[in-house]
Amino acid sequence: MRKKLGVFGFLIGAVLLVLTGCGSEKKGGVKEEEIAKPVVVSAVARGEIERINTVSGRVGPAVEVKVVPKIGGKVAEVAVEVGDEVKPGQVLIRLDTTDVAVQVKQAEAAVATARANLNNLLAGTRPEQLAQAQAGLQAAQAGLDNARANHANSLANLERMRYLFDQGAVAKQQLEAVETQAQVAAGGLILAEAQLRQAEQGLLMAQAGPTPEMIDIARAQVKQAEAGLESARHHLANCVITAPVAGRVSARYVEQGEMAGPTMPVVTLVQLDPAVVEIQVTEEYINLLTPGQELAVRVKSAAEQPLKGRIKTVSPAADPRSRAYQVKVEMTNSDGTLKPGMTAALEIPLERKEGVIAVPLSAVLDRGGQKVAFVAKDNTVEMRELLLGIEGDAMVEVAKGLNEGELLVIAGQHLLSGGDRVTVQEGGR
């Protein structure tokens, strides 16, 4: 009896299980496999697609100038801070001028002396100068007469001492002393004769006045002194370091009291409007770029939408190390939102087609290695195999597989299979 009841219970359970599996329904009496899946559709249309290549670069200033002193010296004043806007000629740094000011005064004195000497020569010989030359000649003549008399007396005395020495009346030392006096007197006579000739020449020069050569030499001395003064004044002016261009101070390297030299910059100035992005491109793309061409530039840290850039320069030769070509792109930066160092992505157009069937990339799926999409029709979907063309940033060309005007599923397609029932969401066309 227990065995019969066990078999009977097993059969009842099996029947109930079958009935439960076959008759399961959702609310409304619709079976699970027949539930319509919600989708969003869009009519297939023709448009244009542009294939682009994105190249990364860094935002930089249009102009960057490292200001280096022309002379070295101690920093007396720092007139700018990092971030300051400066105009051309505005003072940046002042150096101590104590030593240079002394050099200027010395150069001014040298110029005054040289000019006075030239003026004396140009004025000619004055009467007092001629009288002085004549008096000098007379004094030289008197000196010569005195030297001749002294020489004659020394010779006579020498002759007498030699006689006495021969007679043994005087010692040899006395004779040698007289001989020395005679030699001194002879030297004095030669000197007096030379002084007379010099005095005569001086009188002749005083009577004739300065020669053209003397005046030319004096003029050259004036020019030399003036050049020295100009150089000293330049050094003094160079103690004030000014901005060579307009811009913003991006860096300052010295403080008051430090030493500055002509080999190291003291300030860096940048011009940020326009901003410049430098990129490196390979030979595959270089011939697609020309100066003046507009490119879309994305700088996410500064703007959500692409910015308009214009190519400024294209390098005609590749860098021998990187074998890449340098391209500079300018962008307007009047509001200053573009900062040096920001990352930028430039879009280089490679290919463009117009009037082709273009659909969103997100609507195209990969099923078994084949590109497919779903088309909604009469509350069901049909899976289409696609032949794609060029691919843009968000759209792709469909060369085969879709017709203009068909309703393409653009949302909800990932859960679809061919023949599924669908319902188009409100506002989803």
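Biologist: Is Asp 319 buried, exposed or partly exposed?

Modeller: Partly exposed, with a relative accessible area of 27%. Here buried means under 20% relative accessible area, exposed over 50%, and partly exposed in between, using a 1.4 Å probe and protein chains only. One caveat: this is a predicted model, where local features need pLDDT of at least 70, side-chain atom pairs count only at pLDDT 80 or more, and totals for chains, interfaces and linings use all residues. Residues are numbered from 1 along each chain as its sequence is written, and side-chain values use heavy atoms, with hydrogens and water left out.

Biologist: Which residue does Asp 319 form a salt bridge with?

Modeller: Arg 321, with the closest N and O atoms 3.8 Å apart. The criterion is a side-chain nitrogen of Lys or Arg within 4 Å of a carboxyl oxygen of Asp or Glu. Arg 321 counts as exposed, at 77% relative accessibility.

Biologist: How many salt bridges are there in the whole structure?

Modeller: A search finds 20. One of them pairs Glu 406 with Arg 384, the closest N and O atoms being 2.7 Å apart. Glu 406 sits in the loop between strands E18 (395-400) and E19 (407-411), while Arg 384 is in strand E16 (380-385), 22 residues apart. Strands are DSSP runs of E, at least two residues, and helices are runs of H or I, at least four, numbered from the N terminus.

Biologist: Are Glu 406 and Arg 384 buried or exposed?

Modeller: Both are buried. Elsewhere, salt bridges with shared partners join Glu 48, Arg 352 and Glu 354 into one network.

Biologist: Switching topic, which residues have the most contacts inside the largest nonpolar core?

Modeller: Val 59, Val 281, Val 327 and Leu 346, in a core of 21 residues. A nonpolar core is a set of buried Ala, Val, Leu, Ile, Met, Phe, Trp, Tyr and Cys residues joined through side-chain atoms within 4.5 Å. Strands E2 (45-67), E9, E10, E12 (325-331) and E13 (343-360) each give it two or more residues. A second, separate core has 18 residues, including Val 75, Val 86, Val 100 and Val 249.

Biologist: And where is Gln 293?

Modeller: In the loop between strand E9 (267-281) and strand E10 (294-298). Gln 293 is buried at 18% relative accessible area. A polar atom of its side chain lies 3.1 Å from the backbone nitrogen of Thr 290.

Methods
Polar contact = N/O pair within 3.5 Å; in protein donor to acceptor, adjacent residues only side chain to side chain.
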